[in-house]
Amino acid sequence: MSEVINHNGKIVADQRPADDIAGQSPLHHADLNSLASQGPQTGGVTIQERPLQGLLNLRCNKADKKQVTAVKKLLGVALPCDPLSSASNDDSVIRWLSPDEWLVSVDGAKAFELEAAFQANMPGHYSLVNVSGGYTILEISGDHAVDVIKKSAPIDVHQSSFPNDKVVSTVFAKSGAIIRRIAEDHFELIIRRSFADYLWIWLQDASREYGLVVKR
Amino acid sequence: MSQDNRLKSGGRIDRSKPLYFVFNNVSYTGYQGDTLASALLANGVDIVGRSFKYSRPRGIVTAGSDEPNAVIQLGSSEATQTPNVRATQQELFEGLVASSTNGWPNVNVDAMGLVGKIGGKMMPPGFYYKTFMFPQSLWETYETFIRKAAGLGRSSYENDVDTYDKINQFCDVLVVGAGPAGLAAALTAARGGARVIIADEQSEFGGSLLDSKQIIDGKPAAEWVSEVVSELATFADVLLLPRSTVNGYHDQNFLTIHQRCTNHFGDQAPANQVRERMHRVRAKRVILATGAQERPLVFGNNDLPGCMTSTAISTYINRYGVAPGKNLVVMTTNDYGYQAAIDWHDAGREVSAVVDTRANVQGRCVDEMQARGIRIISGSAITEVHGSKRVKAVTIAPINADGSAVAGPAAKWKVDTVASSGGWSPAVHLSCHTGSRPVWKEDIIGFVPGPTVQEQLTAGGINGCYETGAVLKQGIDAGLTALQELGLNEVTVAVPSAEDLSRTPAMPLFLVPHKKPTSRAPKQFVDYQNDVTAAGIELSCREGFQSIEHVKRYTALGFGTDQGKLGNINGMAIAANFQNKTIPETGTTVFRPNYTPITFGAIAGRDVGSLFDPKRYTAMQPWHIAHGAKFEDVGQWKRPWYFPKAGESMHDALNRECKATRESVGILDASTLGKIDIQGKDAREFLGRVYTNAWAKLAVGKCRYGLMCGEDGMVFDDGVTSCLAENHFLMTTTTGGAARVLEWLEIYHQTEWPELEVYFTSVTDHWSTMTISGPNSRALLAELTDCDLSNDSFGFMDWKAATVAGVPARIFRISFTGELSYEINVQANYGLHVWEQLFAKGEKYNLTPYGTETMHILRAEKGFIIVGQDTDGSIHPHDLGMSWAVADNKPFSYIGKRGMAREDCVRPDRKQLVGLKTTDPLVVIPEGSQGVFDPNTPIPMPMVGHVTSSYWSENLGHSIAMAFVKGGLSKMGEKVYYPQADGTVIEAEICSPVFLDPKGDRQNV
Amino acid sequence: MLHIFCPHCAEYREEEEFHSKGQAHLARPLDPEACSDAEWGEYLYFRKNPRGIHHELWIHAAGCRKFFNMTRDTVTYEIKETYKIGEKPSVTAQS
């Protein structure tokens, strides 16, 4: 392995190969790029994959001020401690998953850098686990994005109860998803690799009556 | 065919749009805006079905969802067949094809009539219980016959071509019913800023107002309705759902709405549109404005076509411009029944008389009748109607004041239509769904919703309030209450003006007397759909069924697809009366979801076909498909089962895969194994508590196998956990156990040992895992890695970080085959790349992909268990002969320790896992076979344990098996026998389950 | 379909996101070895089945994956309260 850092009894390693080896997202086989160029260009629902992002699962103690301070310094964003909230800047998004768990996304190439920085600077008992291979991110937008989510998840997506930047982990069809609202008609879904094909079929089906546009 | 019963004008139909349709193979014409029922009545179709038990001809009785008879089979093609559709709710469309549900083979020429007529006497309540149960051998014959005759409709033999789906809805206020109360409530709530859903089962909003000549705020009621609907449509947060039946009311204001989106277009439905949609609604407040249903009266032969409820008559005239007959007689116990006479007369048809069961008739009704010259026959009743396929005449006789007996000579009148009104039954069904018992209100002679724990409000007819002005006020009040309770805006809403008529009290009458006793009178039907008669109810009471719940089950009262909407109250009252009890004493049966039948399609939604169950795939799935893998379901995962080459049988493929792995190198996609990243200074302590063996001294860079038990000491998972760094571990679990194990770790951490500093993170999907196994695995891997693979530096049960095919990897030298093996883990985005690179280099080693079946055989040759196959939740580690994996000297009493020390767990004769060698080496014992020590003991033989795993081993040239045998670990070399279903007995010898390489040399090279 | 307030997510969610894990407040004996077979059996297998107020352990399985307790009426299905592990119920059968 190119680089393994063992520090405080834990290891992190760069998991990405050199750039000449292309990564394959969980929806690689669906060839969304071809669908984007050859499929319909207008419709009520637009889906875009954000493949190969760096995803890091952070667990730490929000009552530990040193940790909270360190996270802010490391990410440039304060740890969102309110339930179901998220925070972001140009480089990263951090999503509340549970009282001691967050999901951080960064550019895929920057995951290891961030892991190494945590390893060097994060105090106390925490864990930061690279889960980039385990998920993919889909953005779903358009006039009927809300309807597709209503058909799929048992959550209230009305703006009054699901404002922008809110994050929920919930049931999605017969699988699950982490849903974040980016804008009124724009959502982010983070879905597990092994369920990605099922959910992609589901989303196409749920979008059919509104017209589905795939964007690259 | 001409529409003889269609009035010259009137109704909410569009006469410029004729529609052609087919019913029971005959073509008819109706109009846009008709229901199938109104179109059939317009065409003079009297008989729409045959009755369930007696096969009597039946006609349309109502104009709504309470219809018991006009239950039809819809669909112009096999694929679009829909059973149990109420003709009164089905909008007419061009090309509609329907047929009677009951009445096989033909409603007019009736083969079942024979049974019906003979059976009429022969089929008392409980007939099925009493007759068809014996002899039991004939039950299947009976069942086929009964089901066909029962006419419950049929499903399509082809796949349904339509799409059904579900949608989740949340709202402040769900208003059920869009009659005057519902509309007023919804408007009030909407104006106050509430998120509102209003649903109504009819095609248009308005409910009873669409059938009436009521004036509201100086306008015709229908105009008021249209203004309210228009205003509601302007609110962004108001969802209007016509053609949508609120079918179920569940705990904490969760309701299901069955919306029929395109059913009214039939085959002309637009492409890509959903046919039916199930709304799953969570409402902060529910306002039930479901109205009331009219009770028909129970009298002799009251099921003859031509007998209808009086509101149905008014609805057909006012809404559809159809008068379903020539001359009408009305029988009523109340003032409301007179409306049918007024509407019939005003439509230009003849009303013979209104028969009022009350002795003194006063007030407005009298004036209205006098103005039209219609005769009122008071203190009388229609005791019986006459005719064979349609009413031809009625018998009218005076009755006594309490309606219990005929009090004078009868007269026969010639009429073809009978309207009856026994008063209103509030539609309390939904309020019953959550367990609330309705309560009897003497003043309205009906049940109203009882106390409930739901956040539920009611308005209008459901409360027994029937005057439009009062109903509107109740609707507004309910809306205001909801707003107030939810802390929303206060609004003032003026109650629309509507003339409320003064009414005189109604007479409670549930069974019209006949000059003969009930048991000998012509059949007086209570529940049309299940052919339950007044005599039948009385008989069941006589036979000792006193509780109304027992009466219901014995007679089948209310068991039809209409749930007894028309008949229940009459039936209960008849039972009460017969037992000399009051109605509240007798009580009522309650209604359950669904309010009206719904299609299986709507229940299934999109969870059908390829979406029925998620299929989980690894990153290597495209390769598996391209290389012809056969797949096996492991939970939701699709795992390669074996990889047959052209022309190969499964057996051949397995033999080839097994040999190749033992002789050179095979590869398995093991990505589905559960993987949990564990970090923290107490990780090691935690592992010691959840595994049965010791973890305190596992060095960094080492891997160890562990068994996980429940508190009862029984094995529930196993796997290898590796020490990545001092405070950092990677646990693997079985494929099926991944989620369960993570939850197991979390429950102990969160509820028992929160003081331990440890975090768990699932990384199952993050890592692709591929196992190369066999003597050439080292040579193969060496071609792709810079890692020193020599046994000295990278020994068995070590792991190392290295690069494989250019991708950073974790390599674990662990083995489930007993061969030299390497488990390569890379981030899943690069899994397929590495897999393909292994094959690029693997050709010279005959690298052979294998699936779960070969994995099972190879591990069985080594005696390795599979949790869930060789365990069943009643097996502890010692039973498995795995005492080596139990460390009872650990300071903490690990999970399972106390459990496996229980008295029963230390018996010497427990079933223990052993190997089996069959005497005939070619025979493979079927898995699941039960063993006996002596095959010559008489049946039932004492069974000593079953075969858990059994295979042909090509490597060993004989069959191998693992089995539980009582006290088996101390019976090595003894014989055990497996009697088979075909009478043969397979003989086997108990042996160690490690069939191959017992010293483990192969994996240590 | 219950509507459950997750005390960790601080909002109501649909029942399908949760799993019930049975009776709440079952503490693992601190010294299992000191338990008789009968006592251990009691801990392992014997559960209350009250008509009325019951305390249950639930997990927000599809949400925050945290366990919590619920006081529920087994007759009406009313959820009286949900509260975090380590907290005491405020509604009990006695109160």
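Reply: Two strands count as paired if DSSP finds at least two bridges between them. Please keep in mind that this is a predicted model. In chain C, strand E1 (residues 3-6) and strand E2 (residues 11-14) run antiparallel and are joined by 4 bridges. Within that pair, His3(C) has Glu14(C) in E2(C) as its bridge partner.

Me: How many residues lie between E1(C) and E2(C) in the hairpin, and which residue in the turn has a positive phi?

Reply: The hairpin has 4 residues between E1(C) and E2(C), and Ala10(C) in the turn has a positive phi of about 60 degrees. As to the chain as a whole, chain C has 1 helix and 6 strands, arranged along the sequence as β-β-β-α-β-β-β. The C-alpha trace of chain C spans about 40 × 30 × 20 Å along its principal axes.

Me: How should I read an interface, for instance that of chain B and chain C?

Reply: The size of an interface is often given as the accessible area lost when the parts come together. For chain B and chain C the buried area is about 2,500 Å², with 47% from carbon and sulfur atoms. The contact involves 29 residues from chain B and 29 residues from chain C.

Me: How many salt bridges are there between chain B and chain C?

Reply: There are 6 salt bridges between these two chains. One of the salt bridges joins the side chains of Glu14(C) and Arg282(B), at 2.6 Å from N to O. On the chain B side, the elements that give two or more residues are E15 and helix H20 (738-752). The largest share, 8 residues, comes from H20(B). By class, the residues on that side divide into 12 nonpolar, 5 polar and 12 charged.

Me: What area do chain B and chain A bury between them?

Reply: Chain B and chain A bury about 5,000 Å², 54% of it on carbon and sulfur atoms. In chain B, Tyr759(B), Asn829(B) and Tyr830(B) lose the most area to chain A, together 15% of what that side buries. The contact is made by 63 residues of chain B and 59 residues of chain A.

Me: Which polar features and which elements of chain B belong to the contact with chain A?

Reply: Between chain B and chain A there are 6 salt bridges. Lys151(A) forms a salt bridge with Asp165(B), with the closest N and O atoms 3.2 Å apart. E8(B) gives the largest share, 6 residues. The side of chain B that touches chain A has 27 nonpolar, 19 polar and 17 charged residues.

Me: What is the order of the strands in the open sheet of 6 strands in chain B?

Reply: The order is E40-E41-E42-E39-E33-E43, with mixed pairing. E40 and strand E43 (848-849) of chain B are the edge strands, each pairing on one side only. Inside the sheet, strand E39 (residues 767-773) and strand E42 (residues 821-827) of chain B pair in the antiparallel sense over 7 bridges. Ser773(B) stands opposite Ser821(B) in E42(B).

Me: How far apart do the C-alpha centres of domain 3 and domain 5 of chain B lie?

Reply: These centres lie 86 Å apart. In the domain assignment, domain 3 covers 296-422 and domain 5 covers 636-668 + 777-862.

Terms used. Residues numbered from 1 in each chain as written. Chains lettered and ligands numbered in written order. Predicted model: local features only at pLDDT ≥ 70, side-chain atom pairs only at ≥ 80, totals over all residues. Heavy atoms only, no water. Contact = heavy atoms within 4.5 Å. Buried area = accessible area lost by both parts, 1.4 Å probe. Salt bridge = Lys/Arg side-chain N within 4 Å of Asp/Glu carboxyl O. Nonpolar A, V, L, I, M, F, W, Y, C, P; charged D, E, K, R; others polar. Domains from an automatic or database assignment.
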